[in-house]
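Me: I'm new to this one and would like to learn how to read it. Could you walk me through it, feature by feature?

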Amino acid sequence: MPLFGRKSHASAKIEELSLEHFSYRKTAIHGFPSNPSALAFDPVKRFLFIGTKHGDLRVYGRPGVEFMAVIPSVSAVEMILPIHALHQAIVVTHDNTIALWEYSTEEGQPTLFEVNSLKLDPEGGKTITACCLSQVSGHCYVGTEGGNIFVLDIKHFKMSSDVIFWKNAATILQSGTKTKTNPGLVKCLELCPTNSNQLLIGFEKGVLALWDLEQNLPVLNFPASIHDCQQVQPVESVSWQNEGRKFLSAHSDSSIYFWTSNSSSPEEGPTRHYGENSLPVTKIKWLNTDSNPLLVFSGGLPRDQEEEHHTVTVLQGADQIALDFTSPVVDFVTITDDTTMRGLAVFVLCEQELMTFDLDAPKCPQIRKPYLYSPHTSPLTCLKLYENCSRELMEALHEPTLTSPPPHEHYSSALWPAMGGFIHSTEPTTHDILVTGHENGTVKFWDVTTTAMHLIYELKTANLFVGQEPDTLIEDTFSDFKWPPYRKVSSYDPFEDDPQLAIRFVEFCPFSRTLCIGGNGGQVITFSFNSMPTDIRVECVFAKIFTGRATSRDRTLQHGQSPLECKRDLVALPAGFQANMCLQCLPVGPITALAFEPSWGLMAAGNSKGFTVANFLTKKIVLVHPTVLADGIEVRSVSRVQSLRRSIRRSFRRRNTLQ
């Protein structure tokens, strides 16, 4: 018989939760793709292509036009070659497969599917190392590790019998020798912009070959002699000048050579823009006319700065800018004007973000992007979704961003280049807002009504505290006093000096437009929305939840840390959310729970030692309730049965002690 009238549940089994108890379905993917590996742009259809190491293939057009698919083999995407006349692209993956993909709309739904594929046997030096697509002939030239170049007929999607053998292309290495010298793998391929029958081939060992596709014969080798070949470092990239008479080559020692198509001797070079001991120039593009050349290249930095900087350099005449990113550069793609062939813009794909810059404006300002934002520019610490928000709220949140952009960021008036496709849906009457908190103390509002996740507002809480002044960036100082002329352009910043700024909880009321956040340092801040900028003094209220001595075993508390100190002077706050009260919970430690009721003017916050209730309208503490005693023992509410059992046990122990 069970004691104290309780029923026995010894035979009852608690069923553990598993995936079978839930039915989750992926409905949308927002933000920047993880682990990007390839980038391409179709200048005719105006679509942007991104491939990832996980086998994801994505195609982006105007906001709301988006195609997604996964490579069947889930192999990393290494190259993407759009076919301009069709909604198709050649995709090369890490498993040595060449596939033809097509994107279209069926029954109002975007579809991206594989049309055909061909896998090359990597044995015998057939591992794919470079590709070049002829938009005129419909052929794809495939360079391999063995040095040979195969021709893929895209229409029938099979290899042609025409093969460019390395021993025929690199004739300079074969002259005067009895044995054939392999020039190495094919590093780069590029067709002449004015003559699609001339293919420029760059071999690993530094040999360049100009091949006539119509005659199937070599035209010229660069350099002119074997001795000169031994002086030239391995080739990394080549690029034709748009008039088709000249080209340049970039090498592993950061050197750049300028060549004419009718001479085996370099017209200029070697040129090293960042000194002798520098990293390889991994990719280079030659834009604009010969009289006013514009060079864009990645890499080439001094070796001692390899870990600190990841750059794409824009060089035109005496003007040189090193666009400095905080994550490694994966690839970049340039866009030119169809008639003047003038450089217009450049897409730069990094491991953690995509950025676009205006090449036709002084100092290459950034072009605003309507999507492909990186929510993790600072690591995410919390998020919350609010559905069916009014259009008036969206317009109110968006207005401060348009009228007062950050002073250190310079944006171009140029439009976003990827505007392919059409939108048939109507403007939604309500919107979905995602609010995210970040490690650096920022709170961001995102419009996630469609797949084009768009940043509409950003709030920085660090500006309210002493010693957390925002970094100011004056671009001119970089070009005048420093070399290389770095210009910080990334929004991605994974490092934060003060962990107390991290946002742990976010509560937002779309109706009253009030916001409450709880931080890692015990700070709880309330904000009200104001469409006008103002100067205010943020009042800080302290809530001593626990007055005893904290034990070293409590890892949630930040021992020896002082709380964040609010600025005592007036703080100039821009239009948007403006702080009206900061509640600091003591001792310093992360906020573990947060409740917010704006209609009552109340908020409640808890940490590992208790909780407090405050009125943010009157800025007064309403209640402080510790959940631990002064000696650190946790206070627990126990039932009558537990109290009776504990009393009986203590009685028996006391009797045994007396005996």
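This is a predicted model: local features need pLDDT of at least 70, side-chain atom pairs count only at pLDDT 80 or more; totals for chains, interfaces and linings use all residues.

Me: Is Tyr 24 buried or exposed?

Reply: The cut-off for exposed is over 50% relative accessible area. Tyr 24 has a relative accessible area of 75%, so it counts as exposed. It also belongs to a nonpolar surface patch with Leu 17 and Phe 22, and together they have about 430 Å² of accessible area.

Me: Let me step back a bit. How many helices and strands does the protein chain have?

Reply: The protein chain has five helices and 43 strands. It runs to 659 residues, and 48% of them count as buried. Its accessible surface is about 33,800 Å², with 51% of that belonging to carbon and sulfur atoms. As for contacts with a separation of 6 or more, 55% are between residues 24 or more positions apart.

Me: Now the sheets. In what order do the strands of the sheet with β1 come?

Reply: Read across that sheet and you get β1-β2-β3-β4, an open sheet with antiparallel pairing. From one strand to the next, the twist averages 15°.

Me: How many bridges join β1 to β2?

Reply: Six bridges do, and β2 covers residues 47-52. To find your place in that pair, look for Ala 38, which stands opposite Gly 51 in β2.

Me: What about a strand inside the structure? How many residues of β6 are buried?

Reply: Six of the six residues of β6 (residues 88-93) are buried, so the strand is largely enclosed by the rest of the structure.

Me: And which way do the side chains go in a strand?

Reply: The general idea is that in a regular strand they alternate between the two faces of the sheet. In β6, Gln 88, Ile 90 and Val 92 point one way, while Ala 89, Val 91 and Thr 93 point the other way. Residues on both sides are buried.

Me: Which strand pairs with β6 over six bridges?

Reply: That's β5 (residues 77-83), in the antiparallel sense. The two make a hairpin with four residues between them. Across this pair, Ile 80 has Val 91 as its bridge partner in β6.

β6 also pairs with β7 (residues 97-106), again antiparallel, over five bridges. Here Val 91 has Ala 99 in β7 as its bridge partner. The β6 and β7 hairpin has three residues between its strands, and Asn 96 takes a positive phi near 70° there.

Me: Where can I see β40 and β41 meet?

Reply: Five bridges join β40 to β41 (residues 602-607), and the two run antiparallel.

Methods
Residues are numbered from 1 along each chain as its sequence is written. Side-chain values use heavy atoms; hydrogens and water are left out. Two strands pair if DSSP finds at least two bridges between them. Buried means under 20% relative accessible area, exposed over 50%, partly exposed in between (1.4 Å probe, protein chains only). Contact means heavy atoms within 4.5 Å. Accessible areas come from the Shrake-Rupley method with a 1.4 Å probe; for residues, only the protein chains shown count as cover. Patches are made of residues with over 30% relative accessible area and no salt bridge: like charges are joined within 9 Å, nonpolar side chains (Val, Leu, Ile, Met, Phe, Trp, Tyr) within 5 Å. A salt bridge is a side-chain nitrogen of Lys or Arg within 4 Å of a carboxyl oxygen of Asp or Glu. Axes are lines fitted to C-alpha atoms, for helices over the stretch in contact, and angles run from 0 to 180 degrees between N-to-C directions.
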